[in-house]
Amino acid sequence: MEITEGTVYGIPYKLVCPRISLDMSEWLVKQFGIEGLDTIQARWYYRDFHVWFRDEEDLTLFMLRWNS
């Protein structure tokens, strides 16, 4: 998975573009909490076919689990 960068409300995020599945969605919520679509400084988002991570550590954990 390619990692890119973007901003939400001026806050930098790292983005990956996986093929999202129900298993992956459930894992994201279990690991990082409910998605923060309208929350400033949310830990993670899913939009535009990308998962957006605020923290590098969360991105690393996601990549270790799903980048195969």
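Guide: Let us begin with a pair of facing residues: W44 stands opposite F53 in β4. This is a predicted model, in which local features need pLDDT of at least 70 and side-chain atom pairs count only at pLDDT 80 or more, whereas totals for chains, interfaces and linings use all residues. Residues are numbered from 1 along each chain as its sequence is written, and side-chain values use heavy atoms, with hydrogens and water left out.

Visitor: How many bridges join β3 to β4?

Guide: Strands (E, at least two residues) and helices (H or I, at least four) are DSSP runs numbered from the N terminus; two strands pair if DSSP finds at least two bridges between them. Here 4 bridges join β3 to β4, and the two strands run antiparallel. They form a hairpin with 2 residues between them, and D48 in the turn has a positive phi of about 55°.

Visitor: Which residues of helix α1 are buried, and which are exposed?

Guide: Buried means under 20% relative accessible area, exposed over 50%, and partly exposed in between, with a 1.4 Å probe and protein chains only. In α1, residues 22-32, the buried residues are M24, W27, L28 and F32. These lie on the same side of α1 because they cover an arc of only 105° around the axis, the arc being that of the directions from the helix axis to the C-beta atoms. On the other side of α1, L22, D23 and K30 are exposed.

Visitor: Against what do the buried residues of α1 pack?

Guide: Contact means heavy atoms within 4.5 Å. The buried residues of α1 pack against β3 (44-47), β4 (50-53) and α2 (56-66).

Visitor: Which residues make up the largest nonpolar core?

Guide: A nonpolar core is a set of buried Ala, Val, Leu, Ile, Met, Phe, Trp, Tyr and Cys residues joined through side-chain atoms within 4.5 Å. The largest has 12 residues, among them V16, W27, W44, V51, F53 and W66. To this core α1, β4 and α2 each supply at least two residues. Apart from it lies another core, of 7 residues, including V8, Y13, A42 and W52.

Visitor: Where is confidence lowest, and where is it highest?

Guide: The predictor's confidence in each residue is its pLDDT, from 0 to 100. The protein has a mean pLDDT of 90, and 97% of its residues reach 70 or more. Confidence is lowest in β3, at a mean of 90, and highest in α2, at 96.
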